[in-house]
Amino acid sequence: MVARLFPGVYEGWIVVGASTTMLFILSAAVFWGLGPIFNPILDEFGWSHGATAFAFAARSEVNGAAAPFVGALIDRIGSRMMLVVGLIVASCCLFLLSFMQNIVHFYLLMLVMALGTSTCGGQATMVSTVSWFERKRARALALATAGGTLGGILVVAIAFLVESLGWRGALQVMALVLLVGGLLAGSNVRTRPPGHRQPLDGIPRATGLGQRAGEDDDERWGVPLREALRARAFWLLAFAQFAIFFAITAIVVLHVPFMEDDVGISKTAAGVGSAFFAVASLVGRIISGGAADRFDKRVVLALVVLVAGVAMPLFALVQNLWQASLVLMVIAAGVGGANPIRTALLADYFGTRSFGAINGVSMAIGTLGAFLGPWLLGLSVDVTGGYSTGFMFTGVVALVSIPFVLRTKAPTELTARYRGRTVRVVQPGPPPPSAGAPRG
């Protein structure tokens with residue numbers, strides 16, 4: 001484990017680094033990497049844009065439908081085991097996709113792969129990260145989930161693989177990289193164990209009479225799922241996530257085919273635009289994550305979505321690679337921090353004890369948007385013969401999320417009730433025995 005090699009480094013940051021590395025590999029292979037094979041699949045099998053995009057959309061919805069169950073399992077057995085199982089399933093499905101012969105194979109493998117990615121994707125890394133941070137939660141989440149967008153940097157390499165080896169050979173290489181690289185990184189992701197030697201956030205807390213240093217870190221407070229589902233704040237954030245996922249997933253899935261078909265650039269050149277998107281997203285995450293830890297998270301979230309929503313319709317007006325890259329960078333800088341800030345708000349409002357289950361239900365609602373976004377954009381292309389109408393609509397949907405975000409208020413009474421249950425007065429004396437081997 002990397003933490004043993006660097007005992008002086010706060011382990012939370014090691015978990016963050018391992019999370020973003022694992023997500024970088026995963027997203028490059030199964031999220032961004034499938035964009036360059038979109039048109040080759042159409043050319044070989046003659047499927048419509050709508051039928052092909054439906055598989056990508058259905059993948060997102062299966063991921064979302066499994067999210068509540070996956071989140072509850074993560075709360076129960078920890079992140080590491082879920083990551084290992086999910087990476088093996090996703091790698092096998094990606095490899096088998098290279099042998100598909102019809103659309104039934106395509107749909108089936110994409111759906112099973114979605115089950116794998118749901119167990120090893122953002123949920124596991126987010127649950128782990130929020131358990132290690134409180135004061136620096138938004139920026140830690142921004143960095144931990146950055147790999148999901150940074151995977152876009154590898155679209156250029158994947159596009160080159162597709163042009164050199166064909167889409168089937170490229171999928172086989174991607175599957176091998178995902179299995180080996182993903183497992184190496186994912187083995188260092190775990191939730192914070194009780195009684196950890198380092199204080200929360202890596203910042204020592206002041207001690208008072210009857211309380212030892214680190215004692216307040218040993219209890220993970222949290223609102224139960226059933227109580228969170230009754231809170232207005234939960235549903236406002238979930239609806240906002242639905243709209244944000246709708247817009248951004250549609251852009252991510254179909255921006256490469258758009259640049260090939262309408263802008264008229266090569267697959268590898270279109271991958272350059274994806275790389276710019278990834279870099280801009282990282283910058284946006286770092287800036288917005290830091291701002292969210294200092295200012296009102298709701299206002300910061302509304303501002304980043306506003307930037308992205310205004311830029312999305314402009315994408316249909318681009319005429320060359322550099323214009324496309326510029327607009328993609330603006331969109332990415334806007335939405336880069338949206339999901340980490342939303343996740344930080346959920347953890348602030350409802351705690352971390354049942355965070356996996358709570359975030360899982362929220363993800364299920366959000367991924368319904370991720371299902372509808374690319375599917376409806378693909379249908380729009382089939383009906384209108386272009387992307388303009390679809391890009392305009394995605395921007396409008398993104399902007400609809402802003403009122404939901406701004407109307408969200410912390411459930412202060414609920415938070416105080418459940419956080420208060422974790423306050424204990426410990427009598428002076430020798431420290432209690434170790435809690436035993438932590439679960440990961």
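In this predicted model, the side chains of Asp 293 and Arg 139 meet in a salt bridge, with N and O 2.8 Å apart (a side-chain nitrogen of Lys or Arg within 4 Å of a carboxyl oxygen of Asp or Glu). Because Asp 293 belongs to helix H13 (residues 267–294) and Arg 139 to helix H8 (residues 137–144), the pair ties together parts that are 154 residues apart in sequence; helices here are DSSP runs of H or I, at least four residues long and numbered from the N terminus. Asp 293 is buried at a relative accessible area of 19%, whereas Arg 139, at 30%, is partly exposed (buried, under 20%; exposed, over 50%; partly exposed, in between; 1.4 Å probe, protein chains only).

The structure holds 7 salt bridges, including one between Asp 348 and Lys 297, whose closest N and O atoms are 2.9 Å apart. Asp 348 lies in helix H16 (residues 338–350) and Lys 297 in helix H14 (residues 297–311), so this pair links parts that are 51 residues apart in sequence. Salt bridges with shared partners join Arg 137, Lys 297 and Asp 348 into one network.

Thr 20, located in helix H2 (residues 11–32), is buried, with a relative accessible area of 18%, and its side chain reaches the backbone nitrogen of Gly 147 at 2.7 Å.

Residues are numbered from 1 along each chain as its sequence is written. Local features require pLDDT of at least 70 and side-chain atom pairs count only at pLDDT 80 or more, while totals for chains, interfaces and linings use all residues, and side-chain values use heavy atoms, with hydrogens and water left out.

Terms used:
Helices (H or I, at least four residues) and strands (E, at least two) are DSSP runs, numbered from the N terminus. A polar contact is a pair of N or O atoms within 3.5 Å; within protein, one must be able to donate a hydrogen and the other to accept it, and residues adjacent in sequence count only if both atoms are side-chain atoms.
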